[in-house]
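Thanks, everyone, for making the time this morning. I would like to walk through one model with you, taking the charged side chains and the metal site in turn.

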Amino acid sequence: MQKFIPQVHAKKNEGWTFLNTSYSLTEYDALIVLDIQIDFLPGGALPIPNGDEIIPAINSYIKRFKTAQAQIIAARDWHPPNHTSFKAQNGPWPSHCIQDTAGAKFSPDLKLPPNAQIISKATQPDHEAYSAFDHTNLADELHKRNVKRLFTSGLATDYCVLNTVLDACRLGFETIVLMDATMGINTTPGDADRALKTMHKNGAKLATEMAFPDTTDALPIEETTPDALAEKPSKLIEAKKKARMRSKGTSKRIKTEQHH
Ligand code: VGL
Ligand code: ZN
(Lines give C-alpha, C1' and ligand atoms only; values in the text may rest on other atoms or scores of the structure.)
(Ligands and ions follow the chains in the order given, each with its own letter.)
Protein backbone atom coordinates (compact mmCIF):
# COMPACT_ATOMS: atom_id res chain seq x y z
CA MET A 1 0.00 0.00 0.00
CA GLN A 2 1.26 3.44 -0.83
CA LYS A 3 1.83 5.68 2.15
CA PHE A 4 -0.29 8.78 2.23
CA ILE A 5 1.26 12.02 3.45
CA PRO A 6 -0.91 15.11 3.18
CA GLN A 7 0.53 17.40 0.52
CA VAL A 8 0.44 20.29 2.91
CA HIS A 9 2.96 18.55 5.20
CA ALA A 10 5.01 16.70 2.62
CA LYS A 11 6.00 19.75 0.60
CA LYS A 12 7.74 21.49 3.51
CA ASN A 13 11.28 20.40 2.97
CA GLU A 14 13.16 23.20 4.65
CA GLY A 15 13.33 23.06 8.39
CA TRP A 16 13.08 19.30 8.67
CA THR A 17 15.74 17.19 10.29
CA PHE A 18 16.42 13.54 9.61
CA LEU A 19 16.52 11.32 12.66
CA ASN A 20 16.95 7.62 13.13
CA THR A 21 13.90 7.41 15.36
CA SER A 22 12.24 4.03 15.38
CA TYR A 23 9.34 3.71 17.79
CA SER A 24 8.90 0.25 19.23
CA LEU A 25 5.53 -0.13 20.88
CA THR A 26 4.52 -1.71 24.17
CA GLU A 27 1.37 -1.94 26.28
CA TYR A 28 2.37 1.41 27.82
CA ASP A 29 1.75 3.18 24.52
CA ALA A 30 -1.64 4.32 23.28
CA LEU A 31 -2.98 5.14 19.85
CA ILE A 32 -5.69 7.78 20.01
CA VAL A 33 -8.03 7.86 17.03
CA LEU A 34 -10.05 11.07 16.99
CA ASP A 35 -13.50 11.60 15.47
CA ILE A 36 -13.48 9.25 12.46
CA GLN A 37 -17.24 9.72 12.28
CA ILE A 38 -19.69 9.85 9.38
CA ASP A 39 -20.49 13.56 9.86
CA PHE A 40 -16.80 14.56 9.56
CA LEU A 41 -16.27 12.59 6.33
CA PRO A 42 -17.21 13.54 2.74
CA GLY A 43 -21.02 13.53 2.48
CA GLY A 44 -21.44 14.20 6.21
CA ALA A 45 -22.90 17.23 8.02
CA LEU A 46 -19.49 18.87 8.70
CA PRO A 47 -17.17 17.19 6.19
CA ILE A 48 -13.41 17.66 6.49
CA PRO A 49 -12.04 17.88 2.95
CA ASN A 50 -10.34 14.56 2.07
CA GLY A 51 -10.89 13.39 5.63
CA ASP A 52 -11.50 9.86 4.38
CA GLU A 53 -8.00 9.67 2.86
CA ILE A 54 -6.35 9.14 6.26
CA ILE A 55 -8.40 6.05 7.15
CA PRO A 56 -6.03 3.52 5.50
CA ALA A 57 -3.09 5.04 7.41
CA ILE A 58 -5.03 4.88 10.69
CA ASN A 59 -5.90 1.23 10.00
CA SER A 60 -2.23 0.52 9.45
CA TYR A 61 -1.37 2.10 12.82
CA ILE A 62 -4.20 0.15 14.46
CA LYS A 63 -2.61 -3.05 13.19
CA ARG A 64 0.79 -2.09 14.63
CA PHE A 65 -0.67 -1.14 18.01
CA LYS A 66 -2.82 -4.26 18.14
CA THR A 67 0.20 -6.45 17.38
CA ALA A 68 2.18 -4.75 20.17
CA GLN A 69 -0.75 -5.11 22.61
CA ALA A 70 -0.67 -1.34 22.99
CA GLN A 71 -3.82 0.56 23.93
CA ILE A 72 -6.23 1.73 21.25
CA ILE A 73 -8.60 4.55 22.10
CA ALA A 74 -11.29 5.92 19.80
CA ALA A 75 -12.73 9.31 20.72
CA ARG A 76 -15.98 10.58 19.25
CA ASP A 77 -17.72 13.94 19.11
CA TRP A 78 -21.00 13.19 20.91
CA HIS A 79 -23.21 16.26 21.07
CA PRO A 80 -26.68 16.71 22.53
CA PRO A 81 -29.11 18.11 19.88
CA ASN A 82 -28.97 21.64 21.39
CA HIS A 83 -25.18 21.87 21.72
CA THR A 84 -23.61 25.33 22.02
CA SER A 85 -21.31 24.74 19.02
CA PHE A 86 -24.27 24.56 16.61
CA LYS A 87 -25.44 27.52 14.51
CA ALA A 88 -28.95 27.31 16.03
CA GLN A 89 -27.28 28.24 19.36
CA ASN A 90 -25.09 30.89 17.68
CA GLY A 91 -22.14 28.50 17.53
CA PRO A 92 -19.72 28.23 14.58
CA TRP A 93 -20.73 24.85 13.17
CA PRO A 94 -23.69 23.18 11.47
CA SER A 95 -25.32 20.49 13.62
CA HIS A 96 -23.14 17.38 13.61
CA CYS A 97 -22.38 14.20 15.55
CA ILE A 98 -25.59 14.24 17.55
CA GLN A 99 -25.67 11.42 20.11
CA ASP A 100 -27.13 8.14 18.81
CA THR A 101 -27.66 9.39 15.24
CA ALA A 102 -26.24 7.82 12.07
CA GLY A 103 -23.89 10.79 11.57
CA ALA A 104 -22.22 10.18 14.93
CA LYS A 105 -21.25 6.60 14.10
CA PHE A 106 -17.65 5.67 13.35
CA SER A 107 -16.82 5.09 9.68
CA PRO A 108 -17.43 1.49 8.65
CA ASP A 109 -13.99 1.59 6.98
CA LEU A 110 -12.25 2.15 10.32
CA LYS A 111 -10.89 -1.18 11.58
CA LEU A 112 -11.39 -0.64 15.30
CA PRO A 113 -10.73 -3.75 17.38
CA PRO A 114 -13.60 -4.82 19.66
CA ASN A 115 -11.58 -3.97 22.78
CA ALA A 116 -10.88 -0.38 21.74
CA GLN A 117 -11.76 2.07 24.49
CA ILE A 118 -14.41 4.59 23.36
CA ILE A 119 -14.35 8.13 24.76
CA SER A 120 -17.33 10.44 24.13
CA LYS A 121 -16.62 14.17 24.24
CA ALA A 122 -18.50 17.48 24.05
CA THR A 123 -21.56 15.88 25.63
CA GLN A 124 -22.65 18.88 27.72
CA PRO A 125 -25.04 21.35 26.00
CA ASP A 126 -23.32 24.53 27.25
CA HIS A 127 -19.68 23.54 27.03
CA GLU A 128 -17.60 23.38 23.84
CA ALA A 129 -14.94 20.70 24.14
CA TYR A 130 -12.52 19.95 21.32
CA SER A 131 -10.06 18.01 23.49
CA ALA A 132 -10.67 14.33 24.21
CA PHE A 133 -9.45 15.08 27.77
CA ASP A 134 -12.07 17.79 28.39
CA HIS A 135 -14.71 16.49 30.86
CA THR A 136 -13.92 12.84 30.02
CA ASN A 137 -12.20 10.03 31.90
CA LEU A 138 -9.44 9.70 29.27
CA ALA A 139 -6.62 10.79 31.63
CA ASP A 140 -7.82 8.34 34.31
CA GLU A 141 -8.03 5.49 31.82
CA LEU A 142 -4.49 6.18 30.58
CA HIS A 143 -3.06 6.45 34.09
CA LYS A 144 -4.86 3.27 35.12
CA ARG A 145 -3.13 1.43 32.27
CA ASN A 146 0.24 3.08 33.03
CA VAL A 147 0.36 4.64 29.59
CA LYS A 148 3.33 6.98 29.16
CA ARG A 149 3.27 7.73 25.45
CA LEU A 150 0.41 8.87 23.23
CA PHE A 151 0.29 8.71 19.45
CA THR A 152 -2.53 10.82 18.05
CA SER A 153 -4.39 10.46 14.76
CA GLY A 154 -7.69 11.52 13.25
CA LEU A 155 -9.82 14.61 12.65
CA ALA A 156 -9.41 17.50 12.73
CA THR A 157 -5.76 18.60 12.98
CA ASP A 158 -6.74 22.21 13.75
CA TYR A 159 -9.42 21.45 16.40
CA CYS A 160 -9.72 18.11 18.14
CA VAL A 161 -6.15 16.95 17.46
CA LEU A 162 -4.65 20.32 18.41
CA ASN A 163 -6.54 20.61 21.70
CA THR A 164 -6.12 16.96 22.65
CA VAL A 165 -2.36 17.10 22.00
CA LEU A 166 -1.89 20.35 23.96
CA ASP A 167 -3.74 18.80 26.93
CA ALA A 168 -1.67 15.61 26.65
CA CYS A 169 1.57 17.64 26.74
CA ARG A 170 0.33 19.62 29.75
CA LEU A 171 -0.57 16.36 31.52
CA GLY A 172 3.00 15.12 31.01
CA PHE A 173 2.49 12.45 28.39
CA GLU A 174 5.14 12.04 25.73
CA THR A 175 3.00 12.94 22.74
CA ILE A 176 3.58 12.12 19.09
CA VAL A 177 1.37 13.48 16.31
CA LEU A 178 0.99 11.03 13.42
CA MET A 179 1.07 13.52 10.55
CA ASP A 180 0.15 11.03 7.84
CA ALA A 181 -2.98 10.06 9.81
CA THR A 182 -4.53 13.46 10.46
CA MET A 183 -6.32 16.05 8.32
CA GLY A 184 -7.37 19.65 9.01
CA ILE A 185 -10.54 21.61 8.35
CA ASN A 186 -8.52 24.70 7.27
CA THR A 187 -11.45 27.11 7.65
CA THR A 188 -8.67 29.67 7.24
CA PRO A 189 -5.99 28.40 4.85
CA GLY A 190 -2.91 27.29 6.80
CA ASP A 191 -4.77 26.43 10.02
CA ALA A 192 -3.62 22.79 10.02
CA ASP A 193 0.03 23.74 9.43
CA ARG A 194 -0.12 26.35 12.17
CA ALA A 195 -1.69 23.78 14.49
CA LEU A 196 1.20 21.36 13.85
CA LYS A 197 3.69 24.13 14.61
CA THR A 198 1.86 25.02 17.84
CA MET A 199 1.80 21.37 18.95
CA HIS A 200 5.53 21.03 18.24
CA LYS A 201 6.33 24.24 20.11
CA ASN A 202 4.45 22.88 23.11
CA GLY A 203 6.50 19.70 23.22
CA ALA A 204 4.75 17.29 20.87
CA LYS A 205 6.83 15.29 18.43
CA LEU A 206 5.77 15.00 14.80
CA ALA A 207 6.16 11.69 13.00
CA THR A 208 4.95 9.57 10.12
CA GLU A 209 4.84 5.80 9.69
CA MET A 210 8.43 5.99 8.44
CA ALA A 211 9.37 6.32 12.13
CA PHE A 212 8.14 2.78 12.83
CA PRO A 213 9.98 -0.47 12.09
CA ASP A 214 9.55 -2.28 8.80
CA THR A 215 6.80 -4.86 9.19
CA THR A 216 9.41 -7.62 8.65
CA ASP A 217 10.68 -6.72 12.13
CA ALA A 218 7.64 -8.58 13.43
CA LEU A 219 9.23 -11.89 12.37
CA PRO A 220 9.15 -14.17 15.43
CA ILE A 221 12.92 -14.65 15.42
CA GLU A 222 13.22 -15.00 19.20
CA GLU A 223 10.52 -17.67 19.30
CA THR A 224 12.36 -20.10 17.06
CA THR A 225 12.83 -23.46 18.77
CA PRO A 226 16.23 -25.20 18.96
CA ASP A 227 14.76 -27.94 16.76
CA ALA A 228 14.06 -25.54 13.96
CA LEU A 229 17.53 -24.10 14.37
CA ALA A 230 19.06 -27.49 13.73
CA GLU A 231 17.00 -27.89 10.58
CA LYS A 232 17.62 -24.59 8.85
CA PRO A 233 20.71 -22.93 10.30
CA SER A 234 21.64 -20.76 7.35
CA LYS A 235 18.24 -19.10 7.00
CA LEU A 236 18.03 -18.32 10.70
CA ILE A 237 21.49 -16.83 10.89
CA GLU A 238 20.60 -14.59 7.97
CA ALA A 239 17.35 -13.46 9.63
CA LYS A 240 19.13 -12.72 12.89
CA LYS A 241 21.84 -10.76 11.10
CA LYS A 242 19.18 -8.66 9.36
CA ALA A 243 17.39 -8.05 12.65
CA ARG A 244 20.64 -6.88 14.27
CA MET A 245 21.30 -4.46 11.41
CA ARG A 246 17.80 -3.05 11.68
CA SER A 247 18.05 -2.54 15.42
CA LYS A 248 21.27 -0.55 14.94
CA GLY A 249 19.32 1.76 12.66
CA THR A 250 21.66 1.40 9.72
CA SER A 251 18.91 0.73 7.22
CA LYS A 252 17.39 4.13 6.68
CA ARG A 253 17.22 7.75 7.56
CA ILE A 254 13.81 8.90 8.60
CA LYS A 255 12.17 12.25 8.40
CA THR A 256 10.38 12.85 11.65
CA GLU A 257 10.80 16.16 13.33
CA GLN A 258 10.63 19.79 12.59
CA HIS A 259 13.41 22.14 13.46
CA HIS A 260 13.02 25.64 14.64
C1 VGL B 1 -14.45 19.21 15.89
C2 VGL B 1 -15.47 20.90 14.76
C3 VGL B 1 -16.61 20.71 15.48
C4 VGL B 1 -13.26 18.35 16.11
C5 VGL B 1 -15.59 19.01 16.63
O6 VGL B 1 -13.36 17.46 16.95
O7 VGL B 1 -12.24 18.54 15.44
N8 VGL B 1 -14.40 20.14 14.96
N9 VGL B 1 -16.66 19.77 16.42
ZN1 ZN C 1 -18.38 19.07 17.38
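**Charged residues and a zinc site**

Let me begin with Asp191, which counts as buried because its relative accessible area is 17%. Please keep in mind throughout that this is a predicted model. The side chain of Asp191 meets that of Arg194 in a salt bridge, with 3.0 Å from N to O, and the two residues sit three apart in helix H5, about one turn of the helix. Arg194, for its part, is partly exposed, at a relative accessible area of 44%. Asp191 is one of several buried residues in H5, which spans residues 191-201, and others include Ala195, Leu196 and Met199. Just after H5, Gly203 adopts a positive phi of about 110°.

How many salt bridges does a search of the whole structure find? The answer is nine. One that links distant parts of the chain joins Asp29 and Arg149, at 2.7 Å from N to O; Asp29 belongs to strand E2 and Arg149 to strand E5, and they are 120 residues apart. Asp29 is buried, with a relative accessible area of 3%, and Arg149 is buried as well, at 16%.

Turning to the metal, the zinc ion (ligand 2) is coordinated by Asp77 through OD and by His79 and His96 through NE2, at 2.0 to 2.1 Å. The four donor atoms subtend angles of 86 to 168°, and the arrangement is therefore irregular. Along the sequence, the spacing of the donor residues reads D-x1-H-x16-H. Because Asp77 lies in strand E3 and His96 in the loop between E3 and strand E4, the pair ties together parts that are 19 residues apart in sequence. Asp77 is buried at 5% relative accessible area, as is His96 at 3%. Asp77 also takes part in a network of salt bridges with Asp35 and Lys121.

Finally, consider Asp39, in the loop between strand E2 and helix H2. Asp39 is buried yet has no salt bridge, and the nearest side chain of opposite charge, Lys105, is 12 Å away. A polar atom of the Asp39 side chain does, however, lie 3.3 Å from the backbone nitrogen of Ala45, and the contacts of Asp39 beyond four places in sequence include the zinc-site residue His96.

Notes. Residues are numbered from 1 along each chain as its sequence is written. Chains are lettered from A and ligands numbered from 1 in the order in which they are written. This is a predicted model: local features need pLDDT of at least 70, side-chain atom pairs count only at pLDDT 80 or more; totals for chains, interfaces and linings use all residues. Side-chain values use heavy atoms; hydrogens and water are left out. Donors are N, O and S atoms within 2.8 Å of the metal (3.2 Å for Na, K and Ca); water is not among the atoms, so sites may look incomplete. Four donors count as tetrahedral if all angles lie between 85 and 135 degrees; four count as square planar and six as octahedral if opposite donors are over 155 degrees apart and all others between 65 and 115; anything else is irregular. Helices (H or I, at least four residues) and strands (E, at least two) are DSSP runs, numbered from the N terminus. Buried means under 20% relative accessible area, exposed over 50%, partly exposed in between (1.4 Å probe, protein chains only). Lys and Arg count as positive and Asp and Glu as negative; His and the chain ends are not counted. A salt bridge is a side-chain nitrogen of Lys or Arg within 4 Å of a carboxyl oxygen of Asp or Glu. A polar contact is a pair of N or O atoms within 3.5 Å; within protein, one must be able to donate a hydrogen and the other to accept it, and residues adjacent in sequence count only if both atoms are side-chain atoms. Contact means heavy atoms within 4.5 Å.
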